[in-house]
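Please read the points alongside the coordinates.

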Amino acid sequence: MTSAPTEMTAKDTGLLRDALGLLKDREQVAERLLDSSAKHSFDPDTALDWDAPLEEGKWFWPPELVSLYDTPLWKRMSLDQQQELSRHEAASLASLGIWFEIILMQLLVRHIYDKPVTSAHVRYALTEIADECRHSKMFARLIQKGGAPAYPVSRLNHQLARVLKTVSTTPGSFACTLLGEEILDWMQRLTFPDERVQTIVRGVTRIHVVEEARHVRYAREELRRQMVTAPRWERELTRVSSGEAARVFSVAFVNPAVYTHVGLDRREAVAQVKASGHRREVMQSGARRLTDFLDEIGVLRGVGRRLWRSSGLLA
């Protein structure tokens, strides 16, 4: 009489599971993303009408997403000044996007350096890097089109990012990738259908939303895998580094120089943004889908969770 077969373990079958369930095969995910890329990719240079004039009386960012919205200072500003602030904040966010995507491209190249070069996983990473190159050029062109200056991050944050992209672990890289992508994605999903906003801005955000959906899927699947397979020290480091990245990101989100450029007192504006319940709700709403996901897979724990709370992105 034969004995009943023992239950197969994850190690025996090669299957991995986390709090969200069974992890999908890495190659199958990449093949689907490559297929989507082939069907839904854009060349911003030809897909958008860069020669069309800007439209009088339109916003460059939905007013509800402008940092000072609903503050006492906002209520004292004229409509022209409010719309001018939206123009400068759009340029600030585009500048932040370029900075972030340059970091992301370097992290992706590091991730695939020792992976099989013919795998779909690597081919998709290279496809995403090409997407990010186009996005960075698109954002730079948008800044020039809007006529506001570029707004680089502070020297301190610039140097902190240099350290981050040098020492970041694989799960830390993908956690930071999602931090930069998902909050802006939430805002852009509100922007591209908004007819109050300049057509060129809506076109840029639509392209970014469509293509970033693939990038988010790739990063989420890989971060889930890493949080299951990485050694304990690496998981702990990811929790702390992602929390610190959230703190830096929330501070760098809007360059305070925008307030000076529209004739506002910088200190007063920054103080009112920090005290704004509306702004806090906007940032937490933008991060909620991400923080729920990170909580499920075990990233928001210990010191890392406290750092996320101090960033203002986690309620």
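1. A cavity here is a set of points on a 1 Å grid over the protein atoms alone where a 1.4 Å probe fits but cannot get out; points are joined across faces, edges and corners, and a volume is the space filled by probe spheres set on them. By this rule there are 4 cavities of 30 Å³ or more.

2. The model is predicted: local features need pLDDT of at least 70, side-chain atom pairs count only at pLDDT 80 or more, and totals for chains, interfaces and linings use all residues. Residues are numbered from 1 along each chain as its sequence is written, and side-chain values use heavy atoms, with hydrogens and water left out.

3. Lining residues (an atom within 4 Å of a point) of the largest cavity include Trp61, Phe139, Gln188 and Thr205. H5 contributes the most to this lining, 4 residues, while helix H6 (120-146), H8 and H9 are among the elements that each supply at least two. Helices are DSSP runs (H or I, at least four residues), numbered from the N terminus. The lining comprises 9 nonpolar, 3 polar and no charged residues; Ala, Val, Leu, Ile, Met, Phe, Trp, Tyr, Cys and Pro count as nonpolar, Asp, Glu, Lys and Arg as charged, and the others, Gly among them, as polar.

4. The largest pocket has a volume of about 630 Å³. Of its 25 lining residues, Ser250, Val251, Phe253, Val273 and Lys274 are the closest to its centre. A pocket is an open set of points with protein on both sides within 12 Å along at least five of seven lines. Helix H10 (232-252) provides the largest share of the lining, and the classes are 12 nonpolar, 9 polar and 4 charged.

5. The second largest pocket holds about 450 Å³. Among its 24 lining residues, Leu160, Leu164, Cys176, Ser241 and Ala245 are the closest to its centre. Helix H5 (79-112), helix H7 (155-167), helix H8 (170-191) and H10 each give at least two residues. The lining has 16 nonpolar, 7 polar and 1 charged residues.

6. Gln198 lies in the loop between H8 and helix H9 (199-229). Why is Gln198 classed as buried? Its relative accessible area is 2%, and buried means under 20% (1.4 Å probe, protein chains only). Beyond neighbours within four places in sequence, Gln198 is in contact (heavy atoms within 4.5 Å) with Leu54, Glu55, Lys58, Trp59 and Phe60. Its side chain reaches the backbone oxygen of Glu55 at 2.7 Å.

Technical notes. Buried means under 20% relative accessible area, exposed over 50%, partly exposed in between (1.4 Å probe, protein chains only). A polar contact is a pair of N or O atoms within 3.5 Å; within protein, one must be able to donate a hydrogen and the other to accept it, and residues adjacent in sequence count only if both atoms are side-chain atoms.
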